[in-house]
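Here's a quick tour for anyone with the structure open. Have a look around first, then read on.

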2 protein chains.
Amino acid sequence: MKKVKAEISKKLEELGLKIWKQIERGENPVIEIPIRSLSNVIFDEKSKSLVLGEKVAKRYFFHVAHAKKFMQTLLVASFCKELVDQNLHTSLRDLFYALKRTLPNSKENTFDEQRESDPIVVDLEVILNVLREQLHLNADVRGRVVGDVVIEDRGDTIDWSKLGSGGWAIPSNVEDIEFKKVRAKYILVVEKNAAFERLHEDKFWKKNKAILLTTQGQAARGARRLIQRLSTEFDLPVYVFTDADSYGWYIYSVIKYGSMSLAHISDRLGTPSAKFIGLTISDIDKYNLHNWTIKAKEVDIKRAKELMRYEWFKHPKWQKELKLMIKRKIKAELEALSGKGLKFVTETYLPTKIKEQDFLP
Amino acid sequence: MKKVKAEISKKLEELGLKIWKQIERGENPVIEIPIRSLSNVIFDEKSKSLVLGEKVAKRYFFHVAHAKKFMQTLLVASFCKELVDQNLHTSLRDLFYALKRTLPNSKENTFDEQRESDPIVVDLEVILNVLREQLHLNADVRGRVVGDVVIEDRGDTIDWSKLGSGGWAIPSNVEDIEFKKVRAKYILVVEKNAAFERLHEDKFWKKNKAILLTTQGQAARGARRLIQRLSTEFDLPVYVFTDADSYGWYIYSVIKYGSMSLAHISDRLGTPSAKFIGLTISDIDKYNLHNWTIKAKEVDIKRAKELMRYEWFKHPKWQKELKLMIKRKIKAELEALSGKGLKFVTETYLPTKIKEQDFLP
């Protein structure tokens, strides 16, 4: 990992050197930035992920509309170089406060609000082709994991099978984690913490040799990166388990293909091999869950119609589920399975699904 | 802890037996429930916490307006008895699904929505004088902790000092945790995860012999109970560290005194000895943070005025801070300290505060 740090530091230095040389040559200093707007987001059939197209914008120093952003880009880059070199980590909010000041002899602030500095960080990710975590900027933190896995993190050896009911809190930054032992046949990713606790109490992961992970809603970057690292480094299948509604299904698609707003790093956050284990609308029939469905709201239906148009939901099986949801105007939560008894999910639903390989792509 | 389980099971059984006897005597079955509305919430000067007054309501079986709630109360009580006896835990959402059904020969559902079953659970807490966690109903989960502490949970021995950057994820239910080793001089409770990560990276807890805990916003029940257990069982001071605004200060007051909606269990969730370490509006002057304050919004000011009227914010020191905030119309976040350098919080702010015992009551 020290090698990575040195590389990142070098990339930042090269960005500075490039501009320095432009100045020496008497040119108008310029930074090239791949465009991140939706018009440049493509679903790449080959890599099965959302990626950026080839459109590039130029940010000039001598340009009334660019000058401030140019300055901001260099301020953020310089701050990140310090973080990496001093081996300190911090948050986007901290970065904003640390860089916010009034320019000498002016009333102009470097940054007035965090929504000015956040996109600059993403710009840097794209410019340098690095992850924000590699710039030592931590993301939101959410998610827990248990399983027969031993890792090393900051010099501590941590056994995920021996963390009681709490499990290991997934940090925002999992770049530096080393896997010492990974004994698992697959990774089960659960949207909701309540379902995770139920499965954990029933020792599902132990009985089924699984790694059990909850994202606690939309997956944070740390969780997505951890799923990807475990899956690719140990060749583990990933099964994602969410509510049967447009939001749950979108959570799945973000884990699998990446998200539109972070399309430039899908290759490092997405897990294209992930499969969807449930819930589906068809499950409601197959497992007789009719008593526990919920009426879908107008906004759910609207979102389902949007999903139907996304390239990555075009598979006939997904189109079928989305159509079913729109037609019947229903949805179902993971907790609906508790209607059949608290242990139904552990003893019947998941084992059946896995045995029959009854997944959606 | 087995003893507690047996007691809870017995309390539930006694509730049933009491009603059984009323039926045998030919009486109209009735359950007595302490009233939980704000009119019956009192700030108790002696115990320094929000508690319920003495008003009690009666819920009758033969009463058009009560019959359904009476039935629901017994359904929930019976379900909880099964949970406790079978040693299963679950969530409020699961309970709702598990109990939702259509009554035979009718179109009447036991419960139509979760907002019908949730208050029944709180009723049961009040009736039996138990915690929802003791009925095996898990609450929302949020919060992380590190420190020189070893616990036992579900047969696992967990060392909070050896969990890498993630820390231990505080589960929703900490009733069954046993503390094996607790080496700490105080507990530092931090509102925000970003500040927690910063302090953790700087090994603040190690250098200062502290237990470091983040609530990640408003403290979940598991975190509040854990703070209380650690503080009372090991006689540890608790210092709470939040943003300088009405929301941060209210988070502090809930940890200390309990909340209005859960006044019936303040004695088991509150930590009256807790002290407030910062941020205050006065800190902005003392530590020269003027460059990094935020303009308070109308809603912040309104909330501050509400706090001024609460009994438990009547202390002159708090009144002074609230007045300052309202007068200057500013607030400040924990991250504002990063304006003075990323290590300012670890190396200057917190050590100074603790050395000078510069706390708010």
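Predicted model: local features only at pLDDT ≥ 70, side-chain atom pairs only at ≥ 80, totals over all residues.

Let's back up into the helix itself. Helix 8 of chain A covers residues 246-257, and at 1.5 Å a residue its 12 residues should span 16 Å; the end C-alpha atoms are 16 Å apart, so the two agree.

Now for the core. The largest nonpolar core has 184 residues, and A:V189, A:L212, B:V189 and B:L212 touch the most other members. Leaving out residues up to four places away in sequence, A:L212 touches a list that includes A:V145, A:V146, A:L188, A:V190, A:F196, A:L199, A:F204 and A:W205. A:G147 and A:H200 are also on that list.

Finally, how do the two chains relate? Here are the numbers for superposing chain A on chain B:

| Item | Value |
|---|---|
| Rotation, chain A on chain B | 180° |
| Shift along the axis | 0.0 Å |
| RMSD, chain A on chain B | 0.0 Å |

That is the relation of a two-fold axis. The same surface serves both copies, as 100% of the contact residues of chain A recur in chain B. Which residue of chain A comes closest to the rotation axis? A:A169 does, with its C-alpha at 2.4 Å.

Note on methods. Residues numbered from 1 in each chain as written. Chains lettered and ligands numbered in written order. Least-squares fit on C-alpha atoms with pLDDT ≥ 70 in both. Contact = placed C-beta atoms within 7 Å. Core = buried A, V, L, I, M, F, W, Y, C linked by C-beta atoms within 7 Å. Buried ≥ 20, exposed ≤ 12 C-beta atoms within 10 Å, placed from the backbone. Helix = DSSP H or I, 4+ residues; strand = E, 2+ residues; numbered from the N terminus. Expected span 1.5 Å × (residues − 1).
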